[in-house]
Amino acid sequence: MTAALLEFDNVDKYFGETHVLKTISMDITDGEVCVIVGPSGSGKSTLLRCANRLEEIQSGEIRLDGTAISAVDADLNSLRQQIGMVFQSFNLFPHKTAIENITLAPRKVKGIPETDANERARQLLNDVGLADEADSYPNQLSGGQKQRVAIARALAMDPRVMLFDEVTSALDPELVGEVLAVMRELAREGMTMMVVTHEMGFAREVGDRVFLMADGNLVESAEPTTFFNTPQTDRGKRFLSKML
Amino acid sequence: MSDSFSKARGDVGSGQETRITDTLLRRVAIVISSVFTIAIALLLGYILLGKVDYSLIPTIFPQFVDAYVLVLTIVGVSSVLSVSSGIFVGLARVSKTTLTNSIAAGYVQFFRGTPLLFQIFVIYFGIPTLWPGTFPIQDWGTPTAILALTLNHAAYVGEAIRGGIGAVPDGQMEAARSLGMGYVQAMREVVIPQAWRNALAAIGNDQIILVKDTSLLTVIAIPELIQQFRNVNSATFDPWTPLLLVAIAYLSITIPVGRLVEYLENRSEWGSERV
């Protein structure tokens, strides 16, 4: 068993009075693809957003390779560089072309020279199958293309973990496949991934472990085959009966 | 064949009652606008041919040129200052620090809530009396003009920027921060350029008003365009000749400013067909 890369240690999160994450603990090891499923409002996106501190937690600790992200004095900018995030609504920068979206952070945050950043960005665009769209603006791209640029943008910072927050939920059904293909390839290359999704096929095929969340609790965690074939909890059985 | 929508609008009816149909409306509009256009043209023609004394123009032209240059200078300086400081007012308005936010809010309340004329008086007459001893600045008129216009319009620009920032989706800041960018960096590289685009129309509007607001400076005897009108009119009792020059002068500034704003708006239609 390799050491945990991303650790959630008794994490509690409230929105006002609402207890959205109820003492969650989970470890993600290096190279693992961890898929989080569960009904809407179960707290899975919130958990993901706590991992790079887009949301603050009220108690517990979240650590990246032993460094507490949730600490008051955490160097957030440097920690976030190691945690890539892809959003449901893409959040591409509309005033920048695809390649500028990708090179912005490497240039401004890491100080990588423009020519090097461009070269790397072209390589990433090529990897996600968008070599020809380097100079397109986001609103000239389809949803699937936008999301692939967003993945390339996150990868350009060479993160150690990638967070995927329902990245196919805003896509037309026929565009889902192209995004999942990129994620599948990323998983194959050994990227550590934390994926919140409703795509059960993807969870079963690509996930190393599946976590079921319900009402702010981590209800079940298992290997995909076990989870999908023989769920251990009633909650798991009920969820799967609705999904499949 | 008419569709059900136009039927509902009254193409099918008893024919007894008067109904406003599309055709009727269009005809009324054509008649009204024609009458209006002809009336304006006649009035303008009458003024230009019958009321304007063209022989007076060479005599009064030089002082209008001086006034025009002065207005352009005041507008240029106040415009640059009000837009650049307005950006900071807008940033302060979205600040999560209560003190910064309240100061900016108070500033906007005051300068948007009192007349520009009042602000000009405060600066021109009020400020020098606060100085212990004699006020050191001899010609306080032009500095007053620039100060008043800048402070007043920075408040409006600030509100435009605040609205522009508010219209940028939260996800933009989140995406920038998730890439490791700091708040200031994310603001500068990601949020402000989009907020600027959102605020451009409102800022352009405000800057056109700034141009026209220079006319108020006549009350502190700044030799601007309205002041020239008053001088000429009181000497010759001829209003239309100087009014014509005033109109041309203002429009020759405000129309290009409007065009410039349009150009800037189109230029930042990132990747849409309008480029």
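**Exercise 1.** What does the accessible surface of chain B come to, and what percentage of it belongs to carbon and sulfur atoms?

*Solution.* The model is predicted, so local features need pLDDT of at least 70 and side-chain atom pairs count only at pLDDT 80 or more, while totals for chains, interfaces and linings use all residues. Residues are numbered from 1 along each chain as its sequence is written, chains are lettered from A and ligands numbered from 1 in the order in which they are written, and side-chain values use heavy atoms, with hydrogens and water left out. The accessible surface of chain B is about 15,700 Å², and 67% of this belongs to carbon and sulfur atoms. Such areas come from the Shrake-Rupley method with a 1.4 Å probe; for residues, only the protein chains shown count as cover.

**Exercise 2.** Determine how many helices and strands chain B has, and whether the chain is spread out or compact.

*Solution.* Step 1: chain B contains 10 helices and 0 strands. Here helices (H or I, at least four residues) and strands (E, at least two) are DSSP runs, numbered from the N terminus.
Step 1: the radius of gyration of chain B, 26 Å, is well over the 19 Å that the globule rule gives for 275 residues, so the chain is more spread out than a compact globule. The radius is taken over C-alpha atoms, and the rule is 2.2 Å times the number of residues to the power 0.38.
Step 2: the C-alpha trace of chain B spans about 85 × 70 × 35 Å along its principal axes.

**Exercise 3.** Which domains does the assignment give for chain B, and what distance separates their centres?

*Solution.* Step 1: domain 1 covers 1-50 and domain 2 covers 60-268; such bounds come from an automatic or database domain assignment.
Step 1: the centres of domain 1 and domain 2 of chain B, taken over C-alpha atoms, are separated by 41 Å.

**Exercise 4.** Locate B:Pro242 and decide whether B:Pro242 is buried or exposed.

*Solution.* Step 1: B:Pro242 is placed in helix α10 (residues 240-267) of chain B.
Step 1: its relative accessibility is 0%, so B:Pro242 counts as buried. Buried means under 20% relative accessible area, exposed over 50%, and partly exposed in between (1.4 Å probe, protein chains only).
Step 2: not counting residues up to four places away in sequence, B:Pro242 touches B:Ile60, B:Phe64, B:Phe229 and B:Val232, where contact means heavy atoms within 4.5 Å.
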